[in-house]
Amino acid sequence: MLSVIPNPPRIALPIVGSADLFPVRRVYCVGRNYAAHALEMGKDPEREPPFFFMKPADALQIVAGPHAAEHPYPPRTENYHFEVEMVVALSTGGADIAVASALDHVYGYAVGLDMTRRDVQDEAKRLARPWDLAKAADASGPIGPLHPVSAIGHPDHGAITLDVDGTERQRGDLSEMLWSVSEQIAYLSAYFTLQPGDLIFTGTPSGVGAVTRGQTLRAAIDGLGAIELRVV
């Protein structure tokens, strides 16, 4: 049986130290997972239950070369924000995963960005509407190569930063997450049966802000390297 249209390409991430690829199934994102970021967004920084939203897998932009990748400024926004995040890639899944065993499901980690139409998101919040138009723009999930757990272990501390044109705008530490990676996996698996190929964007530290065309972003996490983007 033939497909009536060409099969859409499957997004697959490069892996550091390997010619193999990691195919992506779903992209989950946790909101306000650093206390300082919750405060700057006008929310209570207390450890409330986490909440999640999603990006389409084909909204990922793979950034793997030695030079800054061109990142398209999306239409229908005048306030486009950067949010640096560590990304978790799952090699196995399941439902109702226990916190104690959650990290056993992780294949590796990467540097990512949750790019956001902030003006669109603010309007959606005001009207109590979904965030899809704000969070799911084309190329709104820049992501670097995966670093396998077998090579780096499970990062639970270390600097996470973002520079704009060489000036630092975001700085935090992975240890400052309100909900750890294992807790995020366990909590999310109570709502979805997680599968191999799923990604989780684990939240951003404070300092998020707008970027304009012509500016260069550099997102970095200790042990995971850095990715660079030039907004066009």
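The model is a predicted one, in which local features need pLDDT of at least 70 and side-chain atom pairs count only at pLDDT 80 or more, while totals for chains, interfaces and linings use all residues. Residues are numbered from 1 along each chain as its sequence is written, and side-chain values use heavy atoms, with hydrogens and water left out. The protein contains five helices and 18 strands; helices (H or I, at least four residues) and strands (E, at least two) are DSSP runs, numbered from the N terminus. Its radius of gyration is 17 Å, close to the 17 Å that the globule rule gives for 232 residues, so the protein is as compact as a globular protein of that length. The radius is taken over C-alpha atoms, and the rule is 2.2 Å times the number of residues to the power 0.38.

**Overall dimensions and surface**

- The C-alpha trace spans about 45 × 40 × 35 Å along its principal axes.
- Buried residues make up 49% of the 232 in the protein; buried means under 20% relative accessible area, exposed over 50%, and partly exposed in between (1.4 Å probe, protein chains only).
- Of the contacts with a separation of 6 or more, 74% join residues 24 or more positions apart, a contact being heavy atoms within 4.5 Å.

**Strand β3 and its partners**

- Strands pair through backbone hydrogen bonds, either parallel or antiparallel; here, two strands are taken to pair if DSSP finds at least two bridges between them.
- β3 pairs with β4 in the antiparallel sense over four bridges, and Tyr28 stands opposite Met54 in β4.
- β3 also pairs with β15, in the parallel sense, over three bridges; Leu199 in β15 is the bridge partner of Val27.
- In a regular strand the side chains alternate between the two faces of the sheet.
- Both faces of β3 are covered, with Val27 and Cys29 buried on one side and Tyr28 and Val30 buried on the other.

- Helix α5 (residues 181-188) is mostly covered, six of its eight residues being buried.
- The buried residues of α5 are Val181, Ser182, Gln184, Ile185, Ala186 and Leu188.
- These buried residues pack against β3 (27-30), β4 (52-55), β8 (84-90), β9 (106-113) and β15 (199-201).
- Met177 lies in the loop between β14 (167-173) and α5, and it counts as buried at 12% relative accessibility.
- Leaving aside neighbours within four places in sequence, Met177 is in contact with Asn33, Tyr34, Met86, Gln184 and Thr202.

**Other strand pairings**

- β10, β7 and β16 form an open antiparallel sheet in the order β10-β7-β16. β10 (116-117) and β16 (209-210) stand at its edges, each with a single partner strand, so one side of each is left without a neighbour in the sheet.
- β7 (residues 80-82) and β16 are antiparallel over two bridges, with Phe82 bridging to Gly209 in β16.
- β13 (residues 159-164) pairs with β17 (residues 216-221) in the antiparallel sense over five bridges; the partner of Thr161 in β17 is Ala220.
- β17 and β18 (residues 225-231) pair in the antiparallel sense over six bridges, and Ile221 has Gly225 in β18 as its bridge partner.
- β17 and β18 form a hairpin with three residues between them, and Gly223 in the turn has a positive phi of about 85°.

**Loop residues with positive phi**

- Most residues other than glycine have a negative phi.
- Arg32 has a positive phi near 45°; this residue lies in the loop between β3 and α1 (35-40) and counts as partly exposed at 25% relative accessibility.
- Asp96 has a positive phi near 50°; this residue is in the loop between β8 and β9 and counts as exposed at 60% relative accessibility.
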